[in-house]
Amino acid sequence: MKKTAHEKDGPNRPLAHLGGLSAKQFLRDYWQKKPLLVRNAFPDLAEPLTKREVLELAQREDAESRLIAHTRAGWTLQQNPLSRRDFAAVKQDKWTVLVQDTQHFSFEAHDLLAHFDFIPHARIDDLMVSYAVPGAGVGPHIDSYDVFLLQGSGKRRWRISAQKDLRLKPGVPLKILAHFKAEQEFMLETGDLLYLPPGIAHDGVAETECLTWSVGCRAPSQQELTTALLDYLRDEVVLGGQYCDPDLAPTRQPGEIDAAMRKRVAKMSKEIQDATCNASYQQRCLGRLLTDPKQHIFFDPPDTMLGIGAFRQAVNRCGVVLDLRTRFLYSEELFFMNGNEFSVETTDVEVLRHLADSRRLSAGLVSDGKRKSLGATLYCAYRDGFLHIA
């Protein structure tokens, strides 16, 4: 299988949008360690969406959006779906609108996000866009995840701090720091990029009407991971034991849960503890969790459903491409697509890994006669609306 230039040069290739640092250097010296400002990281930036398109997208029911305004009376927050009336109501205020997952609606947004493919897809959450009028922002705050802030049209002033005081303002619908003290300040113009690791307080205020693109990374909390694992065990693992007590002794205190009963249950619980530590269960749970679509995302089957024979002929001519909303990851020989787990024939492993990495397969890869079962696997995803004929 032919390698791309990125794959050939590997992690040591200098990346212009990282200021000439290689991916290896960036991850070693900056990732989750300290901020990085890159001037003119994208010198010929073509923004995926215009201001008008952003505001229209914010009004769609299938888009996750927020409208934040700062007035003399304080902060207000409205969530999707938004309307023109909502925008008109804050016209005289300092307001900003945020739209998550723009890569679900724009191929150009998806291509922009692909510049950060040196980070595993499992760690990338989305490409968010923020439109703001002059003087608007969302207040000083911290994120629990890494973020790349790419300035689109206009200018935005960023102030950042590594402060330890993370107390929040009470009675505010946003998580705004009560005592923000800036330590550094940057004015970002079109094409500039600012990387911030988790826990760095930051406050971005629009100097002019502007669009800011935010590559947010995913960092599941321990609570989220534990809950997902327990849910997986409940749904997928069947434990065969049952409580029994052939050595039961007479009691004078029938209302008591005595030590003997607690001991028997503790012995049974050992099997549950072993299950939670099972590497295979953890692997499967993680794959499902990291590809599970957000609650508002739904997939529709093709309007005109092809039979499997016609589908094979079409992909042999054109190849396939993942739906913009599809999350597809793999772990060793297991594959996970939109919360579903499946295994494949050994001959198909390499090509499906390529699909997960690049999100598309050329006709030549699909039509390889050695991979008889590949068409059936792709057809199942096609029927569910997870991928399309390219």
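1. Strand 5 (residues 124-132) and strand 11 (residues 210-217) are paired antiparallel through eight bridges. A132 has C210 as its bridge partner in strand 11. Two strands are taken to pair if DSSP finds at least two bridges between them. Strands (E, at least two residues) and helices (H or I, at least four) are DSSP runs, numbered from the N terminus.

2. The model is predicted: local features need pLDDT of at least 70, side-chain atom pairs count only at pLDDT 80 or more, and totals for chains, interfaces and linings use all residues. Residues are numbered from 1 along each chain as its sequence is written, and side-chain values use heavy atoms, with hydrogens and water left out.

3. Strand 11 is also joined to strand 6 (residues 147-151), by five bridges, and these two strands run antiparallel. In this pairing L149 stands opposite S214 of strand 11. Strands of a sheet pair through backbone hydrogen bonds, either parallel or antiparallel.

4. How many residues of strand 11 are buried? Eight of the eight are, so strand 11 is largely enclosed by the rest of the structure. Buried means under 20% relative accessible area, exposed means over 50%, and partly exposed is in between (1.4 Å probe, protein chains only). In a regular strand the side chains alternate between the two faces of the sheet. Both faces of strand 11 are covered, with C210, T212, S214 and G216 buried on one side and L211, W213, V215 and C217 buried on the other.

5. For the chain as a whole, twelve helices and 17 strands are assigned. Of its 390 residues, 41% count as buried. The C-alpha trace spans about 80 × 65 × 45 Å along its principal axes. Of the contacts between residues at least 6 apart in sequence, 75% join residues at least 24 apart. Contact here means heavy atoms within 4.5 Å.

6. A three-stranded open sheet has the order 8-7-10 and antiparallel pairing. Its edge strands are strand 8 (184-188) and strand 10 (201-206), each of which pairs on one side only. On average, neighbouring strands of this sheet are turned by 20 degrees against each other, direction ignored. Strand 7 (residues 156-161) pairs with strand 8 over five bridges, and R156 has L188 as its bridge partner in strand 8.

7. The loop between strand 7 and strand 8 contains H179. H179 is partly exposed, at a relative accessible area of 41%. With neighbours within four places in sequence left aside, H179 is in contact with Q163, D165 and R167. K169 is ten residues from H179 in sequence, and the C-alpha to C-alpha distance between the two is 8.4 Å.

8. Another open sheet of three strands has the order 16-12-17, again with antiparallel pairing. Strand 16 (360-361) and strand 17 (387-389) are at its edges with a single partner strand each, so one side of each has no neighbour in the sheet. Strand 12 (residues 320-322) is joined to strand 16 by two bridges. V321 has R360 as its bridge partner in strand 16.

9. Turning to helix packing, the axes of helix 6 (residues 222-236) and helix 8 (residues 279-291) come within 9 Å and cross at roughly 110 degrees. That makes helix 6 roughly perpendicular to helix 8. Axes are lines fitted to C-alpha atoms, for helices over the stretch in contact, and angles run from 0 to 180 degrees between N-to-C directions. Angles of 65 to 115 degrees count as roughly perpendicular, under 35 as roughly parallel, over 145 as roughly antiparallel, and the rest as oblique.

10. Which residues make the contact between helix 6 and helix 8? Helix 6 contributes E224, L225, A228, L229, Y232, L233 and E236, and helix 8 contributes Y281, Q282, R284, C285, L286, R288 and L289. These residues divide into nine nonpolar, one polar and four charged. Ala, Val, Leu, Ile, Met, Phe, Trp, Tyr, Cys and Pro count as nonpolar, Asp, Glu, Lys and Arg as charged, and the others, Gly among them, as polar.

11. The axes of helix 9 (residues 308-318) and helix 12 (residues 374-383) come within 10 Å and cross at roughly 105 degrees, which makes helix 9 roughly perpendicular to helix 12. I308, F311 and R312 of helix 9 meet G375, A376, L378, Y379 and Y382 of helix 12. The residues of this contact are six nonpolar, one polar and one charged.
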